Amino acid sequence: MGKNTLLYEGKAKRLFKTDDSNILRVEYLDQATALNGIRKDTVKGKAELNNEITVLIFEHLKKKGLQNHLIKIVSKHEQLVEALDIIPLEVVIRNVSAGSFAKRLEIPEGRPLAFPILEFYYKDDPLDDPFINDDHVKILEIATNQEIEFIKQKAHQINLILIDLFETIGIRLIDFKIEFGRRGDGTILLADEITPDTCRLWDKQTNEHLDKDVYRRNLGDIVPVYQEVLERLEQALH
């Protein structure tokens with residue numbers, strides 16, 4: 001499948017061409033990063049866990065009517081996805097104050113928000129992925145008004161589905177980051193991944209972190225934590 005033609009290498013994944021120009025192969029990496037890549041460590045087993053978690057969640061979203069770029073899993077750390085033109089926006093939904101949001105606005109971490117807050121961040125490493133608003137999105141010609149509204153609608157829809165999913169396995173969805181991409185005809189689909197790397201997940205009973213904050217805050221080994229999330233999802237979805 002043209003497996004050696006590398007298209008892109010990010011902090012936690014590589015993208016490869018295949019024999020079909022409409023399909024890409026995603027390889028997850030045993031790598032953890034923080035501070036926009038300044039801190040980086042090899043974490044054996046992380047790739048397999050994030051690959052399997054993303055597949056479970058994306059397949060669940062499809063069953064709920066939310067289309068995305070996932071085609072199928074092909075190995076423990078690889079999946080095939082539809083080739084899209086990725087929109088350079090990180091779309092963040094916050095249900096509970098945490099992380100940079102808590103620090104920025106001095107809202108105590110752990111305080112539930114009156115309603116889900118949606119934020120846009122411009123995907124640009126040299127600029128350190130700055131926080132931007134709708135007008136910035138339009139000035140940068142990232143998306144039109146109609147596309148912005150579509151992305152917001154889908155992000156909030158995903159939030160509701162994920163809240164329900166994680167609720168069933170005893171986890172609070174604190175916040176998460178997603179990305180979208182365009183097909184050649186302009187259709188916008190959910191892309192990238194949904195994993196403990198991209199979500200804040202707290203155990204409902206103990207408030208223990210079940211996400212990348214375990215690594216960011218030096219709270220312990222993330223592999224058993226991610227394994228716990230995967231096992232709970234498997235029990236709920238299989």
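These legends go with a set of close-up views of a predicted model. Residues are counted from 1 along each chain as its sequence is written, and side-chain values rest on heavy atoms, with hydrogens and water left out. Because the model is predicted, local features need pLDDT of at least 70 and side-chain atom pairs count only at pLDDT 80 or more, while totals for chains, interfaces and linings use all residues.

**View 1. The open sheet of five strands.** Here the strands run in the order β1-β2-β3-β7-β6, with antiparallel pairing. At the edges stand β1 (6-9) and β6, each with a single partner strand, so one side of each has no neighbour in the sheet. From one strand to the next, the twist averages 25°. Helix α1 packs on this sheet and touches β3, β6 and β7, and its direction makes about 150° with that of β6. A few terms for this view: strands (E, at least two residues) and helices (H or I, at least four) are DSSP runs numbered from the N terminus. Two strands pair if DSSP finds at least two bridges between them. Axes are lines fitted to C-alpha atoms (for helices, over the stretch in contact), and angles run from 0 to 180 degrees between N-to-C directions.

**View 2. Strand β3 and its partners.** Five of the six residues of β3 (residues 23-28) are buried, so the rest of the structure largely encloses this strand. Buried means under 20% relative accessible area, exposed means over 50%, and partly exposed is in between (1.4 Å probe, protein chains only). On one pairing, β3 meets β2 (residues 13-17) in the antiparallel sense over five bridges, and Phe16 has Arg25 as its bridge partner. Five residues sit between β2 and β3 in the hairpin that they form. β3 is also joined to β7 (residues 78-82) by five bridges, again antiparallel, with Glu78 as the bridge partner of Glu27. Moving on to β6, four bridges join it to β7 in an antiparallel run, and Lys72 is partnered by Leu80.

**View 3. His69, tucked into a loop.** Look for His69 in the loop between α1 and β6 (70-75). His69 counts as buried because its relative accessible area is 6%. Leaving aside neighbours within four places in sequence, His69 is in contact with Phe58, Leu80, Val81, Glu82, Leu84, Leu190, Ala191 and Asp192. Contact means heavy atoms within 4.5 Å.

**View 4. Thr33 in strand β4.** Thr33 lies in β4 and is buried, at 5% relative accessible area. Not counting residues up to four places away in sequence, Thr33 touches Lys11, Arg39, Lys40, Lys212 and Tyr215.

**View 5. Helix α6 and what it packs against.** This helix (residues 222-237) has 16 residues and reaches 22 Å from its first C-alpha to its last, close to the 22 Å expected at 1.5 Å a residue. That expected span is 1.5 Å times one less than the number of residues. At the start of α6, a side-chain oxygen of Asp221 comes to within 3.0 Å of the backbone nitrogen of Val223. Ile222, Val223, Val225, Tyr226, Val229, Leu230, Arg232 and Leu233 are the buried residues of α6. They pack against β4 (31-34), α1 (46-63), α4 (145-168), β12 (171-182), β14 (199-203) and α5 (213-216).

**View 6. Two loop residues with positive phi.** Most residues other than glycine have a negative phi. Asp129 has phi near 50° and is placed in the loop between β10 (112-122) and β11 (131-132); Asp129 is buried, with a relative accessible area of 14%. Asn207 has phi near 65° and belongs to the loop between β14 and α5. Asn207 is partly exposed, at 39% relative accessible area.

**View 7. Thr187 and its polar contact.** Thr187 lies in the loop between β12 and β13 (188-191) and is partly exposed, at 28% relative accessibility. The Thr187 side chain makes a polar contact with the side chain of Asp185 (2.8 Å). A polar contact is a pair of N or O atoms within 3.5 Å; within protein, one must be able to donate a hydrogen and the other to accept it, and residues adjacent in sequence count only if both atoms are side-chain atoms. Not counting residues up to four places away in sequence, Thr187 touches Gly181 and Arg182.
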